[in-house]
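Dear colleague,

I am handing over the structure we spoke about, and it is placed just below.

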Amino acid sequence: MASVTLEKINKVFGHDHIIKDVDLNIGDGEFVVFVGPSGCGKSTLLRLIAGLESISDGDMRIGETVVNELPPRERGVGMVFQSYALYPHMTVYENMAFGLKLAKTAKETVDERVMDTARILQLEELLHRKPKALSGGQRQRVAMGRAMAREPRILLFDEPLSNLDASLRVQMRNEIARLHDRLGSTMIYVTHDQVEAMTLADKIVVLNAGRIEQVGSPQELYQRPATKFVAGFIGSPTMNFIPARLANHADEGCQVDVEGIGGITLPQDAGHHAQGDALTIGVRPEHLTLTEATADNRFEIVNVEYLGNEVYVYLEPKSGETLLIHRSEAPSQWKVGQQVALAPDPEHVHLFDDKDRALTVKGARQAA
């Protein structure tokens with residue numbers, strides 16, 4: 001196992017600046033997930049750590065060693081790709097042993113490592129099979145086993161579950177989480193799926209356009225997003241955003257006029273902003289209450305989704321902008337076409353300035 005330290009890491013492809021001044025510390029034994037939309041640089045950053053791409057500027061250390069110039073085989077990393085990339089003519093045993101044999105590892109050591117890894121991944125009964133005789137989940141476990149058998153200090157995963165169906169993804173998420181608990185290895189995992197990030201990570205790194213937006217635990221990112229981008233990316237369904245303006249400063253926070261809803265008092269400190277400044281409130285679907293419509297607070301229900309134990313209600317503001325979402329437990333009294341008023345819970349409302357930065361909560365109270 002080993003820590004990973006990135007200091008002002010940059011990556012440039014021709015005229016395209018892909019990774020921009022990334023600083024990051026990954027502790028020994030941590031499970032860290034890189035998450036973000038397509039094209040944000042998360043896979044490129046993983047490949048820089050693996051040594052599959054060269055660093056344009058900055059320093060990278062694994063443990064105490066600067067690895068900028070080290071080839072992949074000398075970094076002590078194992079990588080699991082989105083594609084299983086198994087050799088179809090080889091058995092499971094041969095696939096898992098292949099990297100060790102290339103490294104001219106003694107036969108007894110090869111056998112011991114492959115068998116130990118097969119026990120951990122519950123592949124012992126499949127060692128004689130070839131990839132075509134395996135399910136998608138089994139093939140992904142073999143790909144993981146091939147990386148693990150080399151006993152790397154760091155395991156890297158590049159969207160390993162993208163090719164699996166929904167039920168297999170859930171199963172494999174649990175297997176990867178249990179694997180980390182069992183091995184205690186440093187693991188770095190790339191995904192665009194924020195559900196995977198929330199369920200697997202000790203620490204999430206949210207990337208946007210090659211920069212880190214925020215680093216923190218799943219709970220921190222969900223309850224205290226630093227930017228509007230993070231607030232909208234983490235959480236499913238996504239956070240609702242509604243335009244607002246600062247009405248007044250108050251001892252307990254600030255008063256804002258929210259488009260289509262009216263005035264509410266929030267615990268955020270808007271001390272650097274003037275009356276009338278444009279702001280945005282963010283409120284998660286579970287923190288919206290629906291009540292009887294009024295002349296000044298009126299939204300139409302345009303769709304109701306029943307998901308068994310909960311209900312999503314989609315609402316259209318009078319302005320016709322982006323739909324808002326209310327989440328509640330089933331059963332629900334709400335019907336398409338109803339006119340309702342929205343009442344955000346002030347204790348759970350996030351407030352963002354015109355640069356999409358979250359305003360901090362006064363005192364010890366924190367938005368959740």
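Strand E3 and strand E8 run parallel and are joined by 5 bridges, and within this pairing valine 33 stands opposite tyrosine 189 of E8. Please keep in mind throughout that this is a predicted model. E3 also pairs with E9, again in the parallel sense, over 4 bridges, and here valine 35 is the residue that stands opposite valine 206 in E9.

Threonine 191 counts as buried because its relative accessibility is 2%, where the cut-off is under 20%. Its side chain makes a polar contact, at 3.1 Å, with the side chain of glutamate 196. Beyond its neighbours within four places in sequence, threonine 191 is in contact with residues that include Val33, Phe34, Val35 and Gly36, as well as Lys42, Glu159 and Ala197.

On the E9 side, the strand at residues 203-208 is joined to E10 by 5 bridges, and these two strands run antiparallel. Isoleucine 204 stands opposite glycine 216 of E10 in that pairing. The hairpin formed by E9 and E10 has 2 residues between the strands, and alanine 209 takes a positive phi near 50° there.

Glutamine 214 lies in E10, which comprises residues 211-216. Is glutamine 214 buried or exposed? With a relative accessibility of 12%, glutamine 214 counts as buried, because the cut-off is under 20%. A polar atom of its side chain lies 3.1 Å from the backbone oxygen of arginine 224.

A separate group of strands forms an open sheet of 4 strands, ordered E2-E1-E4-E5, in which the pairing is antiparallel. Its edge strands are E2 (16-26) and E5 (65-66), each of which pairs on one side only. E4, at residues 57-62, runs antiparallel to E5 and is joined to it by 2 bridges, and arginine 61 has valine 66 of E5 as its bridge partner.

Turning to the packing, the largest nonpolar core has 44 residues, and Met96, Met144 and Tyr189 are those with the most contacts inside it. Helix H4, covering residues 136-148, gives the most to this core, with 5 residues. Methionine 96, leaving out residues up to four places away in sequence, touches Val114, Thr117, Ala118, Leu123 and Leu127, and also Val142, Gly145, Arg146 and Ala149.

At the level of the whole protein chain, there are 8 helices and 20 strands, and 47% of the 368 residues count as buried. The C-alpha trace spans about 80 × 45 × 40 Å along its principal axes. Among contacts between residues at least 6 apart in sequence, 65% join residues that are at least 24 apart.

The chain is divided into domain 1, at 4-232, and domain 2, at 239-363. Taken over C-alpha atoms, the centres of these two domains are separated by 38 Å. How many residues of each domain are in contact with the other? There are 9 residues of domain 1 in contact with 11 residues of domain 2.

Finally, an unreviewed UniProt entry carries the annotation "domain: ABC transporter" for residues 4-234.

With kind regards

Technical notes. Residues numbered from 1 in each chain as written. Predicted model: local features only at pLDDT ≥ 70, side-chain atom pairs only at ≥ 80, totals over all residues. Heavy atoms only, no water. Buried < 20%, exposed > 50% of the residue type's maximum accessible area, 1.4 Å probe, protein only. Polar contact = N/O pair within 3.5 Å; in protein donor to acceptor, adjacent residues only side chain to side chain. UniProt positions renumbered as here; feature names shortened; annotations may be inferred. Core = buried A, V, L, I, M, F, W, Y, C linked by side-chain atoms within 4.5 Å. Contact = heavy atoms within 4.5 Å. Pairing = 2+ DSSP bridges. Domains from an automatic or database assignment.
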